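Hi,

Here is the structure I promised to pass on.

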Amino acid sequence: MNSFLIGIIISLLLLVFQARSNEEQYEIDPNGYIIFCLCMGRFGNQAEHFLGGLAFSKLINRTLIVPP
């Protein structure tokens, strides 16, 4: 069991280091990001929360990330 956990930790560390090395090819917004998740409610509630998140991100000048 311990070797399994160590393997997972090493895999995650390698993934993080690889992601950091690929960081140069992406343009990063200096103002920051807001991640939005449509995970609760019916369509009307989701639409209302999306519009609220859109207005909030515009208000504080951040890039809004939405799921596909």
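Ser 57 sits in helix α2, where helices (H or I, at least four residues) and strands (E, at least two) are DSSP runs, numbered from the N terminus. Before you go further: this is a predicted model, in which local features need pLDDT of at least 70 and side-chain atom pairs count only at pLDDT 80 or more, while totals for chains, interfaces and linings use all residues. Residues are numbered from 1 along each chain as its sequence is written, and side-chain values use heavy atoms, with hydrogens and water left out.

Is Ser 57 buried or exposed? Ser 57 counts as buried because its relative accessible area is 4% (buried means under 20% relative accessible area, exposed over 50%, partly exposed in between, with a 1.4 Å probe and protein chains only). Leaving out residues up to four places away in sequence, Ser 57 touches Ile 34, Arg 62 and Leu 64; contact here means heavy atoms within 4.5 Å.

After α2 comes Asn 61, in the loop between α2 and β2 (63-65). Most residues other than glycine have a negative phi. Asn 61 is not a glycine, yet its phi is positive, about 60°. Asn 61 is partly exposed, because its relative accessibility is 48%.

Next, look at Thr 63 in strand β2. Thr 63 is partly exposed, with a relative accessible area of 31%. Which residues does Thr 63 contact, leaving aside its neighbours within four places in sequence? They are Asp 29, Gly 32, Tyr 33 and Ile 34. With Asp 29 there is also a polar contact, side chain to side chain, at 2.4 Å. (A polar contact is a pair of N or O atoms within 3.5 Å; within protein, one must be able to donate a hydrogen and the other to accept it, and residues adjacent in sequence count only if both atoms are side-chain atoms.) Thr 63 and Ile 35 are 28 residues apart in sequence, and their C-alpha atoms are 8.5 Å apart in space.

There is another such pair to find on your screen. Cys 37 lies in the loop between β1 (33-35) and α2, and its C-alpha is separated by 6.6 Å from that of Val 66, 29 residues away along the chain. Cys 37 is exposed, with a relative accessible area of 52%.

Now the other helix. Leu 5 belongs to α1 (residues 2-21) and is partly exposed, at 41% relative accessible area.

Finally, the whole protein. It has 2 helices and 2 strands, running α-β-α-β from the N terminus on. Of its 68 residues, 9% count as buried. Among contacts with a separation of 6 or more, 59% are between residues 24 or more positions apart. The accessible surface comes to about 6300 Å², and 66% of that belongs to carbon and sulfur atoms (areas come from the Shrake-Rupley method with a 1.4 Å probe; for residues, only the protein chains shown count as cover).

Cheers
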